[in-house]
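I opened the notebook to look up side-chain contacts in a structure that is new to me.

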Amino acid sequence: MKNTKEIHFEDAIEYQLIENDKYIKGDSADFDPTLCLEKDRLINFIQESQGKTWLALEAIHGDATADILIDDIRKHINTQGMLNVIRYGFKCYGKKFKVAYFLPNNQLNDETLTLYGKNQLSVTRQLYFSDKDTKSLDMAIFLNGLPVVTLELKNKFTGQSTEHSKKQYKDDRDSNEPIFKFKKGALVHFAVDTDLAFMTTRLSGKKTFFLPFNLGFNDGGG
């Protein structure tokens, strides 16, 4: 059983994201390990933010629309990369869709602000990321159903640190799993303890290189 103190660390991060930053509480059951996304959340975002384009596509494909759209998204991610699709969107049967909206440079356009407000950030604890086994990530963050961040958390009060998180990523996380595939899965992977944070954008087994991601606190390194 996981040490209670580590669970409390997860609790604190989840509370901050949900209660203060207004993230949605996700569930591992919503995640498709093979597609590497939350299908229902992504479709919901597209329907709410791009309703007319969705209906135009639905008029052609009917009940198959969601599956066709998801299949096209996955193909674009595989060829162009996750970051590119998040930035620029994708085309499905000639119709342009966005998977995220960015904060406009100014607040003069109400429509762009409204679209930005439709983004759905969600956080899932104990994400079962594979259909091959029951391994899970401590936490994952999604943008409109697409994975952008994974985290392995350690609490120093349990005698563990970011070094244990790094080792977990290097030794126990298969870079061939869809969520860990470079450019095709989550954008960044964080090793975090109560004092320090490190990040990598590419898992390469024991060759994985982590960069410090420490903003500092009271003139400290963490």
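**Ground rules**

I am reading a predicted model, in which local features need pLDDT of at least 70 and side-chain atom pairs count only at pLDDT 80 or more, while totals for chains, interfaces and linings use all residues. Residues are numbered from 1 along each chain as its sequence is written, and side-chain values use heavy atoms, with hydrogens and water left out.

**Aromatic pairs**

I searched the whole structure and got 6 aromatic pairs. Rings of Phe, Tyr and Trp (its six-membered ring) pair if their centres lie within 6.5 Å; planes under 30 degrees apart are stacked, over 60 edge-to-face, and the rest tilted.

I looked up Phe90 and Phe97: the ring centres are 5.8 Å apart and the planes are at 25°, so this pair is stacked. Phe90 is buried at 2%, and Phe97 is buried at 0%.

Next I took Phe129 and Phe180, an edge-to-face pair with 5.0 Å from centre to centre and 70° between the planes. Phe129 sits in the loop between β4 (121–128) and β5 (136–143), and Phe180 in the loop between α7 (162–172) and β7 (188–192), so the two are placed 51 residues apart in the chain. Helices (H or I, at least four residues) and strands (E, at least two) are DSSP runs, numbered from the N terminus. Both Phe129 and Phe180 are buried.

**A charge over a ring**

I found Lys166 over the face of Phe198, 3.7 Å from the ring centre. The test is that NZ of Lys or CZ of Arg is within 6 Å of the ring centre and within 35 degrees of the ring normal.

**Salt bridges**

I noted 15 salt bridges in the structure. The term stands for a side-chain nitrogen of Lys or Arg within 4 Å of a carboxyl oxygen of Asp or Glu.

Arg125 bridges to Asp11, with the closest N and O atoms 2.6 Å apart. This links strand β4, which holds Arg125, to helix α1 (residues 4–20), which holds Asp11, across 114 residues. Asp11 is partly exposed at 31%. I also traced a network of salt bridges that links Glu10, Asp11, Glu14, Lys25 and Arg125.

Asp30 and Arg41 meet in a salt bridge at 3.9 Å, N to O. Asp30 is in the loop between β1 (24–25) and α2 (39–49), and Arg41 is in helix α2, 11 residues apart. Asp30 is partly exposed at 39%, whereas Arg41 is buried at 14%.

Asp67 and Lys39 form a salt bridge at 2.2 Å, N to O. Asp67 lies in helix α4 (residues 65–80) and Lys39 in helix α2, so the pair ties together parts 28 residues apart in sequence. Asp67 is partly exposed at 46%, and Lys39 is partly exposed at 26%.

**Cysteines**

How many disulfides are there? I counted 0, taking a disulfide as a pair of cysteine sulfur atoms within 2.5 Å. Cys36 is in no disulfide, and the nearest cysteine sulfur, in Cys92, is 19 Å away. For Cys92 the closest cysteine sulfur is that of Cys36, and 19 Å is too far for a bond. Cys36 is buried at 0%, and Cys92 is buried at 0%.

Notes: Buried means under 20% relative accessible area, exposed over 50%, partly exposed in between (1.4 Å probe, protein chains only).
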